[in-house]
Structures are given as structure tokens and as C-alpha cells.
Amino acid sequence: VIRQLAEAGFNAIITCSFGYGDATEAVAKDFPEIMFTHISGFKRNGSNFANMFGSMEEMKYLAGMIAGARAKEDGSFRAGYIAPFPIPEVTRYLNATTMGMRRTCPECIMDVRWTFTWFDPEKENNAAAEMLDAGASVIITGADTTGPIAVAGARGKWGIGYDSDNACGIDPEHCLTTTYWDWGQAYAWIINKMLE
């Protein structure tokens, strides 16, 4: 798809997942006149291939505070975190969430399940169920899907979403909050820099 966009003549191509880094790098080499930006990656070539990312740690810390307060109030003293891949971005968010949880519930435990995928609703839902079975009363997802919130809600427990401003729409009663990206301003900044 990245190559098809380049061949179609687009002047700027922005790829928006860690997993697109290698492909973006390869296509950028073949199309030096096109500007490529990879969101969440670490590769760049200094001419037509750049990377960028935002800081979600503060929001994840606040989400962790909410999770800790809820787990403490519930008496479970346990939250669960669904983590896609052990890469720096995901690890930072997990650490920030855990630090926030410990701010409001120092005795709370963060149970982590690595799914090793960016998108697999079945794995994510199963991970949520496992953590609920282990005593978690709050499930925090680091994936872009809403299933874990629904799994928690079906058991009368709580969920915290990620990367979707409507994640709580699946179960507003049991969704405590969601952290999400609004990339519009960043994309405008990227395009303005390219035009300059």
C-alpha cells in the first residue's frame, strides 16, 4: 500500500504503526522525491524519511491513577494490562500506567499479559478474561480494540481503553476512561515543515 501511494504520486506519505517502519524505509529509498514520515518508529534517513511520536505517558499515568483508585475501592488491589509488544513505546506506557496506579494504590499489583500482536481481539479478550480470573477488577488495554472493556463489563468489572475516543461507547457504564491520540495538529505541522 505504501508503494502504491508513492506510485500514485502523493508528495507526502505518513505511516501510522510501529510495524510499518521497515516497509516505509524501503519505499522511501525508491522514491527520494517523496517525503515519508513514520509515526511511532525510530528509523530515518536524514533526507526524505523521518519519524515522530507523541508523549502519552502523562495520560497513561492518569489512567493508572484511576485504575488504582478503582481497584483499591473494589478491594481487589489488582489491575490488568494488555500489552501488544515489548517495544520501548509500549513499555513506557505500561510503566507510566503502573506508576500512576501505585500513586493511588501503593499496594496494588499490575498483572501484565503480552499478546505479541497489534490486533487480535480474541487474544486480547482471552487475556482480559485471564486477568479477571486472577482477581483483577480493572482491565487496561494497550491495544486499539474495545473488546477487553466489554469482557470486563460483562463481569461487572471495569475497563480503560486506548487510542479510540469512542472506546467507552462499547460499555459506558464500565469504562472508566480512555487515552487516545489526536494527530491532526501533528500532521499539519509535518506538512507545513515539508512545504517549507
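Is valine 1 buried or exposed? Valine 1 counts as exposed, at 75% relative accessibility. The notes below concern a predicted model.

1. Overall content. The chain holds 7 helices and 8 strands. Along the principal axes, its C-alpha atoms fill a box of roughly 60 × 30 × 25 Å. Of the 196 residues in the chain, 45% are buried. Among contacts with a separation of 6 or more, 53% come from residues 24 or more positions apart.

2. Valine 1 sits in the segment before helix H1 (2–7). Its C-alpha atom is separated by 18 Å from that of phenylalanine 119, which is 118 residues away along the chain.

3. Strand S1 and its partner. In strand S1 (residues 12–15), Ile13 and Thr15 form the covered face, while Ala12 and Ile14 form the uncovered one. S1 runs parallel to strand S2 (residues 35–39), and 4 bridges join the two. Within this pairing, isoleucine 14 is placed opposite threonine 37 of S2. With helix H2 (residues 21–30) between them in the unit, S1 and S2 make a right-handed β-α-β arrangement.

4. Strand S4. S4 has parallel pairings with two strands: strand S5 (residues 109–114), over 6 bridges, and strand S6 (residues 138–141), over 4 bridges. On the S5 side, alanine 79 stands opposite methionine 110. On the S6 side, glycine 80 stands opposite isoleucine 139. A right-handed β-α-β unit is made by S4, helix H4 (residues 88–104) and S5.

5. Aspartate 111. This residue lies in strand S5 and counts as buried, at 10% relative accessibility. Its side chain makes a polar contact of 2.4 Å with the side chain of arginine 113. Leaving aside neighbours within four places in sequence, aspartate 111 is in contact with Arg78, Ala79, Gly80, Tyr81, Met131 and Ala134. Aspartate 111 also belongs to a network of salt bridges that links it with Arg78, Arg113 and Glu130.

6. Glutamate 89. Not counting residues up to four places away in sequence, glutamate 89 touches Ser40, Phe53 and Tyr162.

7. Positive phi values. Two residues other than glycine deserve a look here. Phenylalanine 77 has phi near 55° and is placed in the loop between helix H3 (57–74) and S4. Its relative accessible area of 30% makes phenylalanine 77 partly exposed. Aspartate 163 has a phi of about 60° and is found in the loop between strand S7 (158–162) and strand S8 (175–179). At 28% relative accessibility, aspartate 163 is likewise partly exposed.

8. Salt bridge from helix H2. The count of salt bridges comes to 11. One of them joins glutamate 25 and lysine 43, with the closest N and O atoms 3.2 Å apart. Glutamate 25 belongs to helix H2 and lysine 43 to the loop between S2 and strand S3 (49–52), so this pair ties together parts 18 residues apart in sequence. Both ends are partly exposed: glutamate 25 has a relative accessible area of 23%, and lysine 43 one of 24%.

9. Aspartate 133 and arginine 155 form a salt bridge, their closest N and O atoms being 2.6 Å apart. Because aspartate 133 lies in helix H5 (residues 121–133) and arginine 155 in the loop between helix H6 (147–154) and S7, the pair ties together parts that are 22 residues apart in sequence. Aspartate 133 counts as exposed, at 58% relative accessibility, whereas arginine 155 counts as partly exposed, at 40%.

10. Salt bridge of lysine 193. The side chain of lysine 193 meets that of glutamate 196 in a salt bridge, at 3.7 Å from N to O. Lysine 193 is partly exposed, with 43% relative accessibility, and glutamate 196 is exposed, with a relative accessible area of 73%.

Technical notes. Residues are numbered from 1 along each chain as its sequence is written. This is a predicted model: local features need pLDDT of at least 70, side-chain atom pairs count only at pLDDT 80 or more; totals for chains, interfaces and linings use all residues. Side-chain values use heavy atoms; hydrogens and water are left out. Two strands pair if DSSP finds at least two bridges between them. A crossover is right-handed if, with the strands pointing away from the viewer, the path from the first strand over the helix to the second runs clockwise. Buried means under 20% relative accessible area, exposed over 50%, partly exposed in between (1.4 Å probe, protein chains only). Contact means heavy atoms within 4.5 Å. A polar contact is a pair of N or O atoms within 3.5 Å; within protein, one must be able to donate a hydrogen and the other to accept it, and residues adjacent in sequence count only if both atoms are side-chain atoms. A salt bridge is a side-chain nitrogen of Lys or Arg within 4 Å of a carboxyl oxygen of Asp or Glu.
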